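This report concerns the fold and the side-chain contacts of one protein chain. The sequence and the model are shown first.

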Amino acid sequence: GQDPDSPGKVNQDACFHFITSGNRFICGGVLDGHGKKGHVLNHFLEVHLAQLLQDYLEKETHITADSIPNILVKSFEEAHLAARMNEAVPAARSGTTCVVTVVDVINGLIYT
């Protein structure tokens with residue numbers, strides 16, 4: 001959001017959402033950037049993390065209740081590594097807080 005005490009401050013918030021093909025999963029994420037370049041990191045993650053999650057959720061053939069937490073962890077770890085390896089992303093000096101929710105529509109389960 002915007003800071004009323006710092007009107008020139010860049011908004012570092014970001015979000016993403018998608019529905020997988022077949023409408024089995026609904027996924028959404030909210031990111032809150034920190035540091036001078038938190039918005040740069042967030043822009044990278046709103047695209048990269050969302051794509052990783054969607055790819056894993058769509059490519060897994062036998063998703064169980066136990067595999068969703070593993071997909072979440074694997075996606076976060078890979079997105080973190082990709083950000084650290086990308087010289088254009090200031091992941092060493094800026095950060096983000098990110099919350100992701102996956103809704104399994106078929107089984108009526110919610111994962112965070």
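The text below treats the overall fold, the strand pairing, and then individual contacts and surface features.

**Basis of the values**

This is a predicted model, in which local features need pLDDT of at least 70 and side-chain atom pairs count only at pLDDT 80 or more, whereas totals for chains, interfaces and linings use all residues. Residues are numbered from 1 along each chain as its sequence is written, and side-chain values use heavy atoms, with hydrogens and water left out.

**Overall fold**

The protein chain contains two helices and four strands, where helices (H or I, at least four residues) and strands (E, at least two) are DSSP runs numbered from the N terminus. Read from the N terminus, the order of the elements is β-β-α-α-β-β. The C-alpha trace spans about 45 × 30 × 20 Å along its principal axes. Of the 112 residues in the protein chain, 33% are buried; buried means under 20% relative accessible area, exposed over 50%, and partly exposed in between, with a 1.4 Å probe and protein chains only.

**Strand pairing**

Two strands are taken to pair if DSSP finds at least two bridges between them. The pairs are listed in the table.

| Strand pair | Sense | Bridges |
|---|---|---|
| β1 and β2 | antiparallel | seven bridges |
| β2 and β3 | antiparallel | 10 bridges |
| β3 and β4 | antiparallel | three bridges |

Asp13 is opposite Asp32 in β2, Ile26 has Val103 in β3 as its bridge partner, and Asp104 faces Leu109 in β4. The hairpin of β3 and β4 has four residues between the strands, with Gly108 at a positive phi near 65 degrees.

Strand β2 has two faces. The covered face consists of Phe25, Cys27, Gly29, Leu31 and Gly33, while Ile26, Gly28, Val30, Asp32 and His34 form the uncovered one.

**Charged contacts**

The salt bridge joins the side chains of Arg24 and Asp104 at 2.9 Å, N to O. Arg24 lies in the loop between β1 and β2 (25-34) and Asp104 in strand β3 (residues 95-104), so the pair ties together parts that are 80 residues apart in sequence. Arg24 is partly exposed, at 21% relative accessibility, whereas Asp104, at 2%, is buried.

A further contact involves an aromatic ring: the charged end of Lys74 sits over the ring of Tyr56, 4.3 Å from its centre. The criterion is that NZ of Lys or CZ of Arg is within 6 Å of the ring centre and within 35 degrees of the ring normal.

**Surface and helix α2**

Ile19, Ile26 and Val105 make a nonpolar surface patch of about 250 Å². Patches are made of residues with over 30% relative accessible area and no salt bridge, like charges being joined within 9 Å and nonpolar side chains (Val, Leu, Ile, Met, Phe, Trp, Tyr) within 5 Å. Accessible areas come from the Shrake-Rupley method with a 1.4 Å probe. Ile19 belongs to strand β1 (residues 13-19).

Val73 is part of helix α2 (residues 67-85) and is partly exposed at 45% relative accessibility. Val73 and Leu41 are separated by 32 residues in sequence and by 18 Å in space, C-alpha to C-alpha.

How values were computed. Salt bridge = Lys/Arg side-chain N within 4 Å of Asp/Glu carboxyl O.
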